[in-house]
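My entries follow in the order in which I looked things up.

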Amino acid sequence: MLKSLVARTGILCRLNLKRDGLKLLIWMVGLAGLFTAIAAKFEGIYGTQTALNTIAKTLKTPAMVSLFGEFTAKMPYTTATIFATEMVVFMAIMMIIMNIMIAVAATRGEEDTGVLELVRAHTVGRLAPLLATAIELTSLNFIIGLLFGAGLQLAQLPGANTTGNWLIGMGLAASGWLFGMLTLCLAQIATTASETTMLSYAIFGGSYVARMVTDVQHPKLTWWVPFGWIEKLDAYQTNRWLPVVCMLLLGLGCLIGAALMSYQRDLGAGLIAPKQGRLRASASLMGPTTLLLRQLRGTLSAWVIGSAVLGAAYGSIFNTIGDLAKSNPMIKQLLGTSALVAANRLIVKQFIAVLAIVLVVVALIPAIQIMLKLVSDEQKGILHQLYATATSRWHVWASYTGVAVVTAGIVLLAGVGGMYAAGHAVMTTPVVWTTYRQVWLAYLPAMLVMVAAASVLVGWVPKWRYLAWGWTFYGFLSLYLGRLIDLPKWARQLTPLGFVNQVPVHALDWSTNWWCLGLTVLLLGLASWGYRRRDLAQ
Amino acid sequence: MTQATPVLKISHLQKRFGKFNALTDIDFAIYPGEVFGFIGPNGAGKSTTIRILLGLLKANGGTATIFGQDVWQHSVAIHQRLAYVPGDVNLWPNLSGGEIIDLLLKLNGDQHTAKTDALIKAFSLDPRKKARTYSKGNRQKVALIAAFSTDADFYIFDEPTSGLDPLNEQLFQTQVLQLKQAGKSVLLSSHILSEVEKMCDRIGIIREGTIVETGTLADMRHLTRTTIDVQTVQSLAHVAELPGVHGLTVKAGQNHVSFAVDADQLTAVMQYLSAQQLVAITSTPPTLEDLFMRYYTAATPDRK
């Protein structure tokens with residue numbers, strides 16, 4: 001019985017490897033290379049005890065805790081303990097994104113395109129496709145974990161030990177794997193690939209916010225958040241394996257849940273029943289733009305709400321962050337009340353400047369996604385229906401580009417607004433809205449350049465459109481970690497986001513804004529020209 | 001044949017994909033009130049030709065005009081008076097069939113009319129289901145209903161009935177005949193030869209990116225052979241020696257044979273046969289299928 005359920009899993013595994021091989025290789029080399037390169041660089045950046053003490057002081061501030069987790073390293077600080085604090089949350093985010101992407105494509109993705117139906121029609125066990133994907137994810141995470149461990153062994157950070165190195169490697173592998181298994185589970189509940197992606201990211205985003213709030217206010221509670229377990233490894237100190245065990249157990253639970261649901265359900269169906277559609281189109285559905293909005297309304301509202309919640313979560317800890325007197329009661333007497341308020345406000349502003357990067361990337365993701373949808377809709381043949389009517393190429397291109405640009409602006413506005421609202425509610429002397437508006441104004445033009453660049457890829461070389469993701473990812477990496485890993489200025493300025501100079505700590509620089517807007521217009525002109533003259537996919 | 005200005009005119013159309021010559025020489029025209037059958041094996045270039053006509057692909061050489069306008073330059077103006085149904089209909093997954101029909105109509109400035117409702121009923125489509133849950137046949141119905149309720153002058157159907165049941169196929173044929181009676185022009189690409197034979201005034205056969213034959217079915221029949229099964233009183237031993245006779249098979253002795261004869265030699269052969277004193281004779285005109293086979297299995301020239 002069991003044997004027939006998993007028949008031919010081996011063949012499917014090989015097939016998966018053939019299908020995903022290049023993708024897996026890029027992820028493996030990319031993540032392991034990045035991790036090892038940073039580790040190797042770390043000794044140069046934080047080689048002296050003074051440097052270590054300074055960074056430790058920074059990492060202890062609530063702002064940094066909210067980004068990187070609770071600072072648990074004990075004196076004397078070593079390069080290794082600092083590395084463990086700074087790197088695990090960031091690398092875990094990357095691992096989780098990788099797992100969600102691959103898991104969705106291999107399960108619901110294959111089901112949506114009908115490939116799974118073809119596979120299942122052969123002597124292949126009912127659970128074999130699921131199991132093959134689980135094996136693929138497990139091997140991928142395990143190999144990356146090994147590469148991480150090996151990279152740390154090679155880097156020989158001062159203060160490191162072998163157990164700690166492998167603990168970090170395996171811990172990151174386990175946290176990625178856990179979300180991979182969770183996605184397999186969600187793939188059985190949702191009805192389509194995009195629904196699965198949305199559910200997975202909703203849970204991931206929720207856990208990220210939850211761990212941030214608990215880290216800042218009550219680090220012990222972080223144990224209740226699965227995403228927070230990665231912060232509890234305490235590498236190079238007590239070297240705790242318990243979090244890894246927790247992740248493995250929960251992941252296994254998810255896999256079993258996925259298998260049970262997959263066994264029960266119909267092919268192509270989920271637990272969420274599809275609703276009946278409208279009999280007639282509403283009056284508002286009348287052209288390419290409204291058509292696109294009609295398709296995306298669910299996704300777009302999810303992004304806006306998600307961004308607002310994330311912003312609000314950050315804003316809700318502004319009172320904890322912006323209170324120097326809390327950590328040092330003497331300071332109030334030293335500075336005087338008005339000077340203290342000013343100092344507090346500066347800290348909050350610094351924090352806003354760092355957080356803006358997260359909100360910017362969160363807003364860029366749906367914008368780039370919509371831009372690239374212009375190619376995926378074309379390749380699915382959906383746009384052919386549209387082009388057979390009296391609808392011009394320019395009109396369709398402008399709809400997608402316009403919606404992408406507006407999405408970038410609105411999602412960022414929601415994040416900044418959420419931050420303002422929550423900050424306003426918790427702070428005794430809140431930061432004024434103008435400050436937040438400056439952040440929005442400063443980043444938007446730089447974001448538009450990136451959306452416009454994606455549009456150029458779509459118009460001229462649709463095959464290379466994924467470069468837009470690479471660029472966005474690099475932007476996130478260079479800004480989130482850039483200063484901490486001592487990335488040179490030119491390297492940070494490889495994306496237009498790198499030119500935005502720490503607004504709102506520094507003033508908004510209109511000259512940057514103008515050249516960004518000018519470049520955007522230029523790129524969009526180029527993109528629309530290319531899109532109108534090229535062949536559409538067969 | 002009508003001598004009016006053609007609705008569609010293609011001359012020496014060429015298309016390359018990298019080094020591959022998808023279309024080397026496409027040449028045909030469609031006149032008002034005409035149903036033109038476009039047939040050819042898989043990969044011959046039918047869909048590529050249609051996609052050039054729709055302005056989705058840009059031709060590398062030659063010209064193609066619809067309503068006298070260039071298909072690439074003036075695609076939007078042309079599409080205002082054109083309706084298209086692809087063989088592989090892909091729809092917006094989270095819109096319902098009813099919404100998509102209305103949208104496609106609106107995009108051409110048309111309205112959802114009583115005719116649309118009648119068509120939805122006739123094709124028995126459930127318009128409230130989301131497009132993602134439709135089968136291939138149902139997706140085709142959505143595109144067909146939208147096309148038939150559009151008030152266009154030129155209709156392009158690319159294998160439109162490949163997923164339909166016989167009842168709906170029948171309905172499709174009736175609808176096309178109505179279009180024809182209303183003086184509209186139709187380009188019908190199909191593999192269902194009975195459908196083409198029944199509906200098309202003229203036919204174009206495409207092979208390896210070239211139009212190898214165009215004309216009415218009657219014209220084409222002249223180019224090919226009639227099969228004759230004949231029984232006579234006197235011996236038919238010398239039939240095989242007559243010019244234009246092919247593939248002789250002996251049915252029963254010397255007096256009952258069957259063979260194929262070239263159209264231009266038919267009179268001479270018939271005279272010979274009647275001289276042998278006929279007992280029974282059946283002649284079968286070449287079917288489209290015979291024509292098709294003859295063109296498709298011919299030696300393939302190098303396309304590279």
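I began at B:Gly55, which comes after α1(B) and has a positive phi, near 80°. The model is predicted, so I take this angle as a computed value. I then went back over α1(B) itself and found 7 of its 8 residues buried, so I noted the helix as mostly covered. The buried ones are B:Lys46, B:Thr48, B:Thr49, B:Ile50, B:Arg51, B:Ile52 and B:Leu53.

Entry 2, the contact between the chains. I looked up how many residues of chain B touch chain A: 38 of them are in contact with 36 residues of chain A. For the extent of the interface I noted the area. The size of an interface is often given as the accessible area lost when the parts come together. Chain B and chain A bury about 3500 Å² between them, and 56% of that is on carbon and sulfur atoms. I also asked which three residues supply more than any other three of the area that chain B buries against chain A. They are B:Leu56, B:Trp92 and B:Arg128, with 20% of that area.

I counted 18 residue pairs in polar contact between chain B and chain A, with both residues at pLDDT 80 or more. On the chain B side, the elements that give two or more residues are β1 (8-17), α1 (46-53), α2 (75-79), β6 (82-85) and α3 (97-107). α3(B) has the largest share, 7 residues. Sorted by class, this side of chain B has 19 nonpolar, 10 polar and 9 charged residues. Between chain B and chain A I found 3 salt bridges. One that I checked by atom distance joins B:Lys15 to A:Asp535, with the closest N and O atoms 2.5 Å apart.

Over all chains the count comes to 20 salt bridges. In chain A I looked at A:Glu378 and A:Arg534, whose side chains meet at 2.9 Å, N to O. A:Glu378 sits in helix α15 (residues 337-379) and A:Arg534 in the segment after α21 (510-533), 156 residues apart. Both A:Glu378 and A:Arg534 are buried.

B:Glu34 is in the loop between β2 (20-30) and β3 (35-39) and B:Arg202 is in strand β9 (residues 202-207), so the pair ties together parts 168 residues apart in sequence. B:Glu34 and B:Arg202 are both buried.

The next pair was B:Asp151 and B:Lys184, with the closest N and O atoms 3.2 Å apart. B:Asp151 is in the loop between α5 (136-149) and β7 (154-158), and B:Lys184 is in the loop between α6 (166-181) and β8 (185-189), 33 residues away. Are the two partners buried or exposed? B:Asp151 has 56% relative accessibility and so counts as exposed, while B:Lys184, at 13%, counts as buried.

The assignment gives domain 1 (8-220) and domain 2 (225-285). I noted 43 Å between the C-alpha centres of domain 1 and domain 2 of chain B.

Definitions and conventions: Residues numbered from 1 in each chain as written. Chains lettered and ligands numbered in written order. Predicted model: local features only at pLDDT ≥ 70, side-chain atom pairs only at ≥ 80, totals over all residues. Heavy atoms only, no water. Contact = heavy atoms within 4.5 Å. Buried area = accessible area lost by both parts, 1.4 Å probe. Salt bridge = Lys/Arg side-chain N within 4 Å of Asp/Glu carboxyl O. Polar contact = N/O pair within 3.5 Å; in protein donor to acceptor, adjacent residues only side chain to side chain. Helix = DSSP H or I, 4+ residues; strand = E, 2+ residues; numbered from the N terminus. Nonpolar A, V, L, I, M, F, W, Y, C, P; charged D, E, K, R; others polar. Domains from an automatic or database assignment. Buried < 20%, exposed > 50% of the residue type's maximum accessible area, 1.4 Å probe, protein only.
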